[in-house]
Amino acid sequence: MSVGDMVGQMFVVSVGGTQPDYYIEMLVRERNIGGVILFGYNMKSEEQVESLTGSLQKLSMQTEPAVPLFVAVDQEGGSVASAPWIAPQPAAAEVGSRGDPSEAHDIAATMGRQLLRAGINTDFAPVVDTGFGAAIGNRSYGEDPELVARMGVAAVEGFEEVGIISAAKHFPNHGPATSDSHVSLPIIRHDARTLRSYDLPPFEAVVEAGVPMAMVGHLVYPAIDPHNPASLSRDAISMLRRDLGFDGVVVTDDLAMAGAKGTGAPAEAAVEAVGAGADLLVLSSPPQEQADAYDAVVDAVESGEIPISRIQNSVERL
């Protein structure tokens with residue numbers, strides 16, 4: 001692949017409507033994007049989504065180098081459930097309160113089967129954050145990291161059993177946050193001991209269970225990196241790789257969120273995330289900002305700011 005083709009594989013972008021439009025077709029044809037993320041406004045019925053995903057996959061396979069797309073959603077159960085044909089499932093907190101990992105497994109498998117029917121192959125789930133803090137609430141299985149670990153592993157295994165790519169989130173742990181990374185940048189002042197005993201165990205467990213993707217969150221842990229959110233931090237991603245032994249795909253939370261881009265453009269965050277070691281960048285910004293972010297990463301590689309080996313390693317994992 002060319003540099004442009006490889007960089008394109010590292011982007012998962014939003015789509016404008018319920019059918020492919022000019023902009024998404026251009027991103028597939030001219031920038032070889034790696035995937036799309038669908039939200040509630042993209043999904044009206046199973047049949048409509050099957051048509052949308054089928055059209056996009058066909059276009060991607062007709063475009064050299066003919067790589068299938070990740071088609072992703074955030075389908076967690078509870079209130080975070082935007083695919084209208086999926087049978088309603090309880091929130092993670094309710095499942096965690098019953099303490100039965102087989103329930104978490106079965107919910108993931110059920111959602112996964114129903115997603116696959118419409119051509120969705122990737123679910124940015126499960127949440128393996130410990131705690132019910134801002135932006136998480138009942139999306140977490142609980143406040144006991146050992147319970148969250150058991151439930152998270154069961155969910156990962158349920159997704160894997162039916163052929164869905166899962167992504168454990170939001171590393172290192174969004175559960176203790178007192179602010180929402182959609183609109184601000186949370187800072188979690190846990191010391192190294194708390195980080196090891198409270199925040200990381202669920203992620204260690206799902207890594208050991210073979211989770212294919214891990215999503216890094218837009219939150220600052222000064223014990224890891226006092227300056228950068230985990231999603232843009234070489235130290236945080238190195239911890240995930242080196243200390244936890246994760247060799248799968250590191251995916252960012254949405255770079256359109258304030259926790260990643262602050263008051264700037266997503267293009268800068270995209271370059272920082274790739275430089276830090278992220279493999280896959282989620283971006284739901286308007287089409288021009290998606291194109292600008294892609295162009296910024298290509299420029300950074302061609303200028304030598306980002307080594308081409310950094311890109312090659314990500315594409316191999318993808």
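A charge patch here is made of residues with over 30% relative accessible area and no salt bridge, with like charges joined within 9 Å. A salt bridge is a side-chain nitrogen of Lys or Arg within 4 Å of a carboxyl oxygen of Asp or Glu. This is a predicted model, where local features need pLDDT of at least 70 and side-chain atom pairs count only at pLDDT 80 or more, while totals for chains, interfaces and linings use all residues. Residues are numbered from 1 along each chain as its sequence is written, and side-chain values use heavy atoms, leaving out hydrogens and water.

**Exercise 1.** Find the patch of negative charge and say which helix gives the most to it.

Step 1: pick out Asp-100, Asp-106, Glu-157, Glu-160 and Glu-161, which gather on the surface.
Step 2: look at helix 6 (residues 145-162), the top contributor with 3 residues; helices are DSSP runs (H or I) of at least four residues.
Step 3: check Glu-160, which sits in helix 6 and is exposed at a relative accessible area of 53% (exposed is over 50%, buried under 20%, with a 1.4 Å probe and protein chains only).

**Exercise 2.** Work out the strand order of the open sheet.

Step 1: the 8 strands pair in parallel, in the order 9-8-7-6-3-2-1-10.
Step 2: strand 9 (249-252) and strand 10 (281-283) are the edges, each pairing on one side only; pairing takes at least two DSSP bridges.
Step 3: zoom in on strand 3 (residues 70-73) and strand 6 (residues 122-123), parallel and joined by 2 bridges. Here Val-73 stands opposite Asp-123.

Notes. Patch = residues over 30% accessible without salt bridge, like charges linked within 9 Å, V, L, I, M, F, W, Y side chains within 5 Å. Areas by Shrake-Rupley, 256 points an atom, 1.4 Å probe, with all protein chains shown as cover. Lys, Arg positive; Asp, Glu negative; His and termini not counted. Charge placed at Lys NZ, Arg CZ, Asp CG, Glu CD.
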